[in-house]
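Thanks for coming. I will go through one structure today, starting with charged pairs and then moving to strands and sheets.

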Amino acid sequence: MFKLFTKDFWDIIARLILRNKIVILLAIISVTVILSFQWKNMRFTYTEANLLPDDHEANIVYNNFLDKFGEEGNLIVLGVKDSTLFTVDKLNAWNDLSDSFKKYKEVETVLSIKDLQKLVKNTTLQKFDLEPFIKDSVTSLKQIDKLEDDLFHKYPFYDNFLFNKNTKTIRTAIYLKKDIVNTAARKDFVLDVLQPKIDAFEKATNLNVRVSGMPYIRTLNAQNIVDEIGLFIGAALLVTSLIFFFFFRSFRATIISLIVVCTGVMWTFGILGLLNYEITVLTALIPPLIIVIGIPNCIFLINKYQNEVKLHGNKVKSLQRVITKIGNATLMTNVTTASGFATFIFTQSQLLRQFGIVASLSILSIFILCILIIPILYSFLPYPKERHLEHLNRRWVTYFVSWIERMVKQKRITIYATAVGLLIISFIGIYQIKISGSLIEDMPKNTDFYKDIKFFEKEFNGIMPLEIMVDTKRKKGVMKLSTLKRMDELEKVIEETPELSRPISIVSLVKYSKQAYYNGNPKHYQLPTSQENSFILSYAKNSTSNVDLFKNFVDSTGQYARITTFMKDIGTDKMEHIEDNLENKIKNVFPKDQYNVTITGKALVFQKGTTYLVKNLAISLTLAIFLISLFMAYMFRSFKMIVVSLIPNLLPLLITAGLMGYFGVPIKPSTILVFSIAFGISVDDTIHFLAKYRQELQANHWRIKKSVYAALRETGVSMFYTSIVLFFGFSVFTISSFGGTVALGALVSITLLFAMLSNLILLPSLLLSLERSIANKKVLREPSINIIPDEDTEDEDF
């Protein structure tokens with residue numbers, strides 16, 4: 001009954017399409033125009049990718065920190081390492097450059113060498129005064145020498161903050177207003193103000209200014225994403241159209257395919273705007289993905305049309321059969337591909353959920369466009385010329401398919417031995433895979449801003465903020481000497497950790513206050529004793545300017561304190577080790593009944609996000625396998641056929657995972673995507689082959705060998721064509737400057753290449769070897785979905 005409905009359904013669809021061509025084309029144009037109006041809602045992300053669910057403990061802790069102290073990633077740093085900076089003209093120019101940023105509304109405060117101030121004891125008023133190191137400007141080399149001596153030897157409070165006393169690297173800190181850090185105003189300031197001023201300064205002074213900090217990195221990183229969208233789309237169109245033309249040698253077919261995929265890209269952007277999603281490093285990949293996935297659809301449909309035309313010469317009948325015979329198969333393959341992407345919807349990560357939703361909707365959209373546009377456009381075009389059909393008789397393709405057939409006939413034992421050998425080698429490689437959760441690992445390594453990141457890592461031990469928040473559970477508990485001593489003990493562990501920078505907190509300020517109380521003697525840069533504490537703090541409380549410094553380290557109630565450090569670009573393993581060390585120290589130093597101490601920061605949240613995704617990788621991939629198995633079960637109603645069909649598609653995934661281990665490609669957010677995407681796409685070939693195999697079984701009276709070889713010859717060419725397009729299409733992503741995108745493109749390409757060989761060689765071999773156990777007429781004769789209708793379908797004239 002369902003079989004007849006399916007057959008009738010596609011007959012009805014064919015009639016509707018070919019009888020209402022103008023109406024359908026107008027409808028497609030109208031939908032495209034409507035979706036194009038949604039493009040205005042697209043916006044590029046101004047925040048880091050948060051891979052964790054909103055209710056994850058790490059996000060809760062981080063948001064709690066932001067509630068107390070505000071946005072922590074608002075620091076931009078400028079640095080210079082050049083001995084010629086310590087001359088009158090250049091040092092004044094550097095200070096003038098720093099001062100010039102203070103007038104902009106996006107800037108909260110600027111700290112440069114000129115802004116540094118000494119904390120000086122005022123005995124008369126019993127308070128601390130602030131006196132600048134440089135009052136107006138530098139006037140002599142003697143003044144510079146005095147400044148260097150003060151900063152590098154007498155005031156440890158500023159050490160490793162605005163200067164490195166060992167290498168004499170100087171930097172300026174620009175703090176943006178916290179409410180604009182995650183908005184477009186940040187981008188405008190960085191690109192339109194910061195960069196032009198730095199360029200002008202470098203030209204005037206011949207100094208090389210290094211720039212970094214999370215707002216700067218995020219802005220330039222986002223700009224690279226924007227720039228690469230057009231690059232990917234153009235490259236994908238060029239590569240796939242060239243390969244398409246090489247196979248078909250037809251401008252007509254190539255142009256039709258380009259019309260289809262370009263419309264699909266327009267719909268994808270419309271879906272992004274309609275759903276009001278941001279363009280992230282992942283959603284930016286979807287438009288070129290649609291081109292790469294849409295071209296194989298075009299290949300199957302156009303190849304079928306040309307085969308039909310060559311067979312009987314009736315154009316209208318050929319177009320009808322394209323829809324009725326290929327429509328179901330193309331629908332199922334697109335559904336399985338969309339399912340591979342849709343599994344990301346269940347990861348509870350907003351970033352991946354949005355990627356999964358837009359990708360799966362776009363894939364289903366490209367199917368609709370293919371099944372509508374290709375038959376309609378060909379109905380308006382003249383009968384294909386002989387040169388358009390020459391590719392059907394191409395000798396090298398025939399030789400390739402014949403070689404595959406010989407391998408399956410004569411080398412089955414070799415095929416199985418090779419598969420088992422690859423499996424064993426792959427498992428060894430899988431055990432060598434590492435996990436990476438670095439915020440900057442995938443950023444373009446050939447850019448100046450990445451080199452600047454490494455510069456600041458070397459000079460100041462990193463730029464990625466790591467925060468520790470201390471809750472004393474009582475108001476004004478931070479300034480108790482016992483709390484300060486506990487914080488000081490924790491800071492010593494941070495200072496001994498080579499991957500972390502010197503910490504900044506209220507502890508440093510209290511030590512500086514004691515040094516000031518003892519008239520600036522650096523030997524007294526330490527926490528006060530219990531006897532000293534009361535009168536030193538009384539000086540501090542009388543110093544209104546000092547209160548402004550306090551507010552950056554302590555909240556308004558005096559209950560919460562923060563310890564800020566900066567982290568190098570390190571892997572997940574090292575980060576977890578550092579976190580464990582800090583947690584152990586916290587447990588030993590801070591009693592739980594008196595303190596609640598949490599570790600947070602963007603770098604830590606990102607690392608935990610990677611760990612979360614890795615744990616969910618198995619769930620996501622298992623879900624993809626389960627969904628696609630359901631499709632196979634529904635289509636073929638045979639558990640054994642499901643097993644046989646999964647083996648050639650799981651083997652390439654294991655081989656790719658093994659290669660990742662051998663070549664040191666870590667598991668990270670970008671490479672996690674590979675497996676579900678590749679599995680969803682590679683199973684398409686299996687569906688096409690098994691559908692044709694079932695049809696050949698009926699036509700050849702259940703003779704297994706004859707049916708397998710007939711199915712291989714029939715589908716081998718299309719499988720080869722589509723796999724080559726997919727291989728080179730995904731290879732386009734290797735031109736990216738983002739390491740994660742390069743890895744994604746290379747790994748998916750390799751996986752799909754192995755999947756093609758596996759489906760063309762291993763799958764037929766398994767069918768032949770297991771013919772008695774799986775060739776059950778009751779199972780295969782009446783499938784739930786008749787993917788390829790029988791050849792006795794009646795044709796109509798339109």
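I start with a salt bridge between the side chains of Glu532 and Lys514, with 3.0 Å from N to O. Glu532 belongs to helix α17, residues 530-541, and Lys514 to helix α16, residues 506-517, so this pair ties together parts 18 residues apart in sequence. Are these two residues buried or exposed? Both Glu532 and Lys514 are buried. Please keep in mind that this is a predicted model.

As a general point, side chains of opposite charge can pair when their charged atoms come close. Over the whole structure, a search finds 17 salt bridges.

Next, Lys102. Its side chain meets that of Asp99 in a salt bridge, at 3.1 Å from N to O. Lys102 also forms a salt bridge with Asp115, where the closest N and O atoms are 2.5 Å apart. On accessibility, Lys102 is partly exposed with a relative accessible area of 36%, and Asp99 is partly exposed at 22%. Asp115 has a relative accessibility of 18%, and the cut-off for buried is under 20%, so Asp115 counts as buried.

There is also a network of salt bridges, which links Lys118, Lys146, Asp149, Asp150 and Lys154.

Staying with helix α4, which spans residues 88-100, I want to point out Ser98 within that helix. Its relative accessibility is 1%, so Ser98 counts as buried. Which residues does Ser98 contact, leaving aside its neighbours within four places in sequence? They are Val110, Ser112 and Thr172.

What does β2 pair with? One partner is strand β7, residues 169-176, which runs antiparallel to β2 and is joined to it by 6 bridges. In that pairing Val80 stands opposite Ile170 of β7. Strand β8, residues 210-212, also pairs with β2 in the antiparallel sense, over 3 bridges. Here Leu78 is placed opposite Val211 of β8.

The last item is an open sheet of 3 strands, in the order β11-β10-β12, with antiparallel pairing. Why do two of these strands each have one side without a neighbour in the sheet? β11 (560-567) and β12 (596-600) stand at the edges and each has a single partner strand, so one side of each is left without a neighbour. Neighbouring strands in this sheet are turned by 15° against each other on average, direction ignored.

Strand β10, residues 464-471, is joined to β12 by 5 bridges, and the two run antiparallel. Within that pair, Ile468 stands opposite Ile599 in β12. Helix α15, residues 481-495, packs on the sheet and touches β10 and β11. The direction of α15 makes about 10° with that of β11.

That is the end of my list.

Note on methods:
Residues numbered from 1 in each chain as written. Predicted model: local features only at pLDDT ≥ 70, side-chain atom pairs only at ≥ 80, totals over all residues. Heavy atoms only, no water. Pairing = 2+ DSSP bridges. Helix = DSSP H or I, 4+ residues; strand = E, 2+ residues; numbered from the N terminus. Buried < 20%, exposed > 50% of the residue type's maximum accessible area, 1.4 Å probe, protein only. Contact = heavy atoms within 4.5 Å. Axes fitted to C-alpha atoms, helices over the stretch in contact; angles between N-to-C directions. Salt bridge = Lys/Arg side-chain N within 4 Å of Asp/Glu carboxyl O.
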